[in-house]
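Subject: Structure handover

Hello,

Here is the structure I said I would pass on. Please open it first, then read the notes below with it on screen.

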Amino acid sequence: EAWIVADSEALASWYGQGFHANRLPQRQNLEEEPKRDLFDKLGRATGETQKGTYEKIGHASKLLAIVSPEKVAVRCPCYKEFTEWLSAQIEDA
């Protein structure tokens, strides 16, 4: 969920009217947000939208397809480290 929350603009676009970005975690490093809190805040931010409250099975794959990798890298250091490592492995192959 941290990767999804990292791009509130993508969330706002996908969920539309009733989405409350101000209810999402505000800390810069989303990996420091307790997982349960992250999930709860994402649910509160999306609960009043036409698509309904965030559901991992129903929403995550669609959201991961539209979030900005650059925005995720800024707020999720392990994601950034992983993608840099992966890019290096591909270049070396």
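Start with the helix H4: its face turned away from the buried side carries Ile57 and Ser61, both exposed. Keep in mind throughout that this is a predicted model.

Helix H4 runs over residues 56–64, and its buried residues are His59, Ala60 and Leu63. These three lie on the same side of H4, because they cover an arc of only 105 degrees around the axis. The general rule behind this is that an α-helix has 3.6 residues a turn, so residues three or four places apart point the same way. As for what lies over the buried residues of H4, the cover includes H1 and H2.

Asp7 sits in the loop that links helix H1 (2–5) to helix H2 (8–15). Is Asp7 buried or exposed? Its relative accessible area is 4%, and since buried means under 20%, Asp7 counts as buried.

What does Asp7 touch, leaving aside residues up to four places away in sequence? The list is Ile66, Val67, Ser68 and Lys71. Two of these contacts can be described further. A polar atom of the Asp7 side chain lies 2.8 Å from the backbone nitrogen of Ser68. With Lys71, Asp7 forms a salt bridge, in which the closest N and O atoms are 3.5 Å apart. Lys71 belongs to helix H5 (residues 69–75) while Asp7 is in the loop between H1 and H2, so this pair ties together parts that are 64 residues apart in sequence.

- Glu33 and Lys41: their side chains meet in a salt bridge, at 2.9 Å from N to O. Glu33 is buried, with a relative accessible area of 7%, whereas Lys41 is partly exposed, at 22%.
- Asp40 and Arg36: the closest N and O atoms of this salt bridge are 3.1 Å apart. Both residues lie in helix H3 (residues 35–46), and they are 4 residues apart, which is about one turn of the helix. Asp40 is partly exposed, with a relative accessible area of 27%, and Arg36 counts as exposed at 54%.

Some salt bridges also share partners, and these join Asp7, Glu9 and Lys71 into one network.

Last, the surface. Which residues make the nonpolar surface patch of about 420 Å²? They are Phe82, Trp85, Leu86 and Ile90. Ile90 is found in helix H6, which covers residues 77–92. With a relative accessibility of 58%, Ile90 counts as exposed, because the term applies to values over 50%.

If you want an order for going through the model, begin with H4 and its buried residues His59, Ala60 and Leu63.

Regards

How values were computed. Residues are numbered from 1 along each chain as its sequence is written. This is a predicted model: local features need pLDDT of at least 70, side-chain atom pairs count only at pLDDT 80 or more; totals for chains, interfaces and linings use all residues. Side-chain values use heavy atoms; hydrogens and water are left out. Patches are made of residues with over 30% relative accessible area and no salt bridge: like charges are joined within 9 Å, nonpolar side chains (Val, Leu, Ile, Met, Phe, Trp, Tyr) within 5 Å. Accessible areas come from the Shrake-Rupley method with a 1.4 Å probe; for residues, only the protein chains shown count as cover. A salt bridge is a side-chain nitrogen of Lys or Arg within 4 Å of a carboxyl oxygen of Asp or Glu. Helices (H or I, at least four residues) and strands (E, at least two) are DSSP runs, numbered from the N terminus. Buried means under 20% relative accessible area, exposed over 50%, partly exposed in between (1.4 Å probe, protein chains only). A polar contact is a pair of N or O atoms within 3.5 Å; within protein, one must be able to donate a hydrogen and the other to accept it, and residues adjacent in sequence count only if both atoms are side-chain atoms. Contact means heavy atoms within 4.5 Å. The arc is that of the directions from the helix axis to the C-beta atoms.
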